[in-house]
Amino acid sequence: MSLRVRIKKRLSKSFLLESEFETSSCCLGILGASGCGKSMTLKCIAGIETPDEGLIALNGRTLFDSRKKINLKPQQRRAGYLFQNYALFPRMTVLENISAALGGPRKQRREAACAWIERLGLGGLGAQYPHRLSGGQQQRAALARMLIREPELILLDEPFSALDACLREQMQILLQDILETHGDVVLVTHNRDEAYRLCSEMLVMESGKALKKGPVREMFRRPGSVGVARLTGCKNICAVQRSGEREVYASSWGLSLRTAEKVGGEITHIGIRAHDFEPAARQSHNVLPLKVRRKSEDPFEHIVLFTNAAAQAPEEQGELWWKYSKYSGWQVPQKLYIAPENILLLVP
Amino acid sequence: MKPFEMDFSPILISLKTASAAIVATFFLGVFAARRVAALKSRQAKMVLDGILTLPLVLPPTVAGFFLLAVFGVKGPVGKFLVDFFSVKIAFSWEATVLAAAAISFPLMYRSARGALEQVDPNLVYAAKTLGMPEWKIFWKVSLPSALPGVAAGGVLAFARGLGEFGATSMIAGNIAGKTRTLPLAIYSEVAAGNMEAAYDYVIVIVLFSFIVVAAMNYFTVLEKRK
């Protein structure tokens, strides 16, 4: 597919949405905090909202162009939209929901809908009303209703946020299968795990602006800026001064660190992912003695909040996060080591 | 004690009038509600809503006065109908329907609008992205979702039409067997000093009204259980 979006929309006096991206990948994830404008971008693509100005084109077809005064109705855009609350029609059965938008003879519509019901594992639920269904079943019904129309583009708005943890993972696997066969997807999420799992490309948004776009794995490996690092889940971010070609000083941690990459003049911050620390062995650099401030645990992880034990000054007491697997066999050591290649160099 | 002799014509006229009026009111009210709910400009919404609600807050005689001014033999519409179709609205049975519809319209319109505005907008958006045409979205998605509110409005409007007095007496008069509805019959009997006959009509209208309200409650309960 190819989707081109370049839109502006003023949402309030202080909030201007400026979304601009182009994608030809099969699944683009838009990652951002709540209220950053990612859902609005999706609604503009679907035609539910109208941008103030700009251009939206799908596979060479202009959906919206403020200059040429083109604004296709949602009905004409062939973009399927999966709503956060699924938006199943409450007074129609599952079968009626799925066949609601189909044309043609009744029998044929029914057969097509039944095929989709079977395909998404909703067998036997065709005659039920949506409120009788579980969250996962409702989502599958909404998916079937969308996919039966064979949309050119699938738009997913926080599709897993209303599901419990167990169902969420099941649905993600199911969706992965469907997406592989139906191509062309834009997924909006605030959950980096979802983006990582399902998308091949990712666009990071913050307060109405698109920060960066790139292949998902690359974005996690080299976020490049503070905003992207934070949204991809980097826990430890600190302002730094450059102190050598491959060395920085992180003042609020009271720590000098070597980096694998050359530190350019534009670098103002570094990031360290909480999982990247490891107990120090015999390394001579990038080692920090830790003073544990707080501990907590997840089912499979330990979480340690600590400060640099070697730093005395009050302004050097910035807390750091360390997370490690319970299966690693590690104890909380005297010193932690961070590999130079795991230090993310960031611009503001 | 005098033998039981009751004129049933006011009951029949009232039922016929209220039934005809509710059909007109239902469609006009839902149509108006849809249009106003879809308006983007707030000012236009406020003004239009005010005008459409006016018959509810005006004294019914004033509403009747306006109806007479428009549909009376000398009114623009009334004159047109007489000149071209030789149909005289004022002081005919049709006038009772007109009065009942005009007075009960705001109840229908307001309930329907409230119910339509409560419908989850995502339902409509979903229908749009699925490619459903607008009319189908309205009749198959929006209206069914708003049904409890719309039905309650319909029942209220029906009851109001059944009890219409002021505007009816202005434009339809009080012609026995023709435009004398139950409320007018009660008024006439009391004016003539026949309290007993008035009692009978009062009992009938109280019964009707009670059945209507009970039916409405029953629907609401049924709705909640579903």
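Predicted model: local features only at pLDDT ≥ 70, side-chain atom pairs only at ≥ 80, totals over all residues.
Domain bounds, as used here, come from an automatic or database domain assignment. On that basis chain A is divided into domain 1 (3–221) and domain 2 (234–346), and the C-alpha centres of these two domains of chain A lie 39 Å apart.

- Five strands of chain A form an open sheet in the order E16-E20-E17-E18-E19, and their pairing is antiparallel.
- At the edges of this sheet stand strand E16 (277–279) and strand E19 (320–325) of chain A, each of which pairs on one side only.
- Neighbouring strands of the sheet are turned against each other by 50° on average, with direction ignored.
- Strand E17 (residues 287–297) and strand E18 (residues 301–308) of chain A run antiparallel and are joined by seven bridges; in E18(A), Thr307(A) is the residue that stands opposite Lys291(A).
- As a general point, strands of a sheet pair through backbone hydrogen bonds, either parallel or antiparallel.

**The helix pair H5 and H8 of chain B**

- Helix H5 (residues 93–118) and helix H8 (residues 147–162) of chain B pack with their axes 8 Å apart, at an angle of about 170°.
- Because angles over 145 degrees count as roughly antiparallel, H5(B) and H8(B) are described as roughly antiparallel to each other.
- The crossing in which H5(B) passes H8(B) is right-handed.
- On the side of H5(B), the residues that make the contact include Ala100(B), Ile103(B), Leu107(B), Met108(B), Ser111(B) and Gln118(B), while H8(B) contributes residues including Gly149(B), Val150(B), Gly153(B), Gly154(B), Leu156(B) and Arg160(B).
- Taken by class, the residues of the contact of H5(B) with H8(B) divide into eleven nonpolar, eight polar and one charged.

**The contact between chain A and chain B**

- Between the two chains, 14 residues of chain B are in contact with 17 residues of chain A.
- On the side of chain B that touches chain A, the elements that give two or more residues are helix H6 (121–129) and helix H7 (134–145) of chain B.
- Of the elements on this side of chain B, H6(B) gives the most, with six residues.
- The residues of the side of chain B that touches chain A divide into seven nonpolar, four polar and three charged.

Terms used:
Residues numbered from 1 in each chain as written. Chains lettered and ligands numbered in written order. Pairing = 2+ DSSP bridges. Helix = DSSP H or I, 4+ residues; strand = E, 2+ residues; numbered from the N terminus. Axes fitted to C-alpha atoms, helices over the stretch in contact; angles between N-to-C directions. Parallel < 35°, antiparallel > 145°, perpendicular 65-115°, else oblique. Left-handed = near helix turned anticlockwise from the far one by under 90°. Contact = placed C-beta atoms within 7 Å. Nonpolar A, V, L, I, M, F, W, Y, C, P; charged D, E, K, R; others polar.
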